[in-house]
Amino acid sequence: MTEPTQRESQGELGGRRSHGGPGTRGKTTIADGVVEKIAGLAARDVVGVHAMGSGISRTLGAMRDRVPGGGKSVTRGVSAEVGEVQTALDLEIVVDYGVSIADVARSVRENVVNAVERMTGLEVVEVNIAVSDVKLPDEDDDEDEGGDGRNLQ
């Protein structure tokens with residue numbers, strides 16, 4: 001059997017290349033950070049998710065949020081590995097006390113998978129969730145302005 005010629009492999013017909021429709025010409029790449037933002041926003045939308053990230057990353061993030069132009073990081077607690085057609089995600093969350101962790105994790109997975117697949121067209125092969133803390137009702141919130149209730153402006 002012989003190797004197909006360059007013309008045959010590119011689908012040339014009658015001297016013209018046959019391409020799919022205009023929407024199929026070219027390649028789209030999606031950065032890890034894009035998927036991380038989508039996943040972070042989708043996870044935060046779930047009732048019972050108090051915050052994203054570990055205690056240290058939340059503390060550092062709270063300090064960065066106070067710096068002018070720093071803004072809140074929607075990717076805190078989210079890590080994505082993006083391939084050509086698939087992606088895998090790792091999320092670290094803090095849940096509110098009293099919620100079912102299993103139900104929150106299931107809802108986070110569903111919300112993240114739906115949002116990422118709908119917006120990117122990538123297949124989400126896994127969403128790993130690590131619950132790093134439980135927010136008790138009487139605990140101070142590290143993400144408040146000033147961290148201790150005071151506004152540091």
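**Thr-120 and what surrounds it**

Mentor: Leaving aside neighbours within four places in sequence, Thr-120 is in contact with Ile-30, Val-35 and Ile-38, where contact means heavy atoms within 4.5 Å. Before going on: this is a predicted model, so local features need pLDDT of at least 70 and side-chain atom pairs count only at pLDDT 80 or more, while totals for chains, interfaces and linings use all residues. Residues are numbered from 1 along each chain as its sequence is written, and side-chain values use heavy atoms, with hydrogens and water left out.

Trainee: Is Thr-120 buried or exposed?

Mentor: Buried means under 20% relative accessible area, exposed over 50%, and partly exposed in between (1.4 Å probe, protein chains only). Thr-120 has a relative accessible area of 16%, so Thr-120 is buried. Across the chain, buried residues make up 27% of the 153 residues.

Trainee: Which backbone atoms does the side chain of Thr-120 reach?

Mentor: Think polar contacts: pairs of N or O atoms within 3.5 Å; within protein, one must be able to donate a hydrogen and the other to accept it, and residues adjacent in sequence count only if both atoms are side-chain atoms. Here, a polar atom of the Thr-120 side chain lies 2.5 Å from the backbone oxygen of Val-116. That side chain also reaches the backbone nitrogen of Leu-122, at 3.1 Å.

Trainee: Where does Thr-120 lie?

Mentor: Helices (H or I, at least four residues) and strands (E, at least two) are DSSP runs, numbered from the N terminus. Thr-120 lies in helix H4, and the chain has four helices and six strands.

Trainee: Which residues touch the most other members of the largest nonpolar core?

Mentor: A nonpolar core is a set of buried Ala, Val, Leu, Ile, Met, Phe, Trp, Tyr and Cys residues joined through side-chain atoms within 4.5 Å. Among the 24 residues of the largest one, those are Leu-89, Leu-91, Val-108, Val-112 and Val-116. H4 gives the most to this core, with six residues. Not counting residues up to four places away in sequence, Val-116 touches Val-35, Ile-38, Ala-39, Thr-87, Leu-89, Gly-121 and Val-124.
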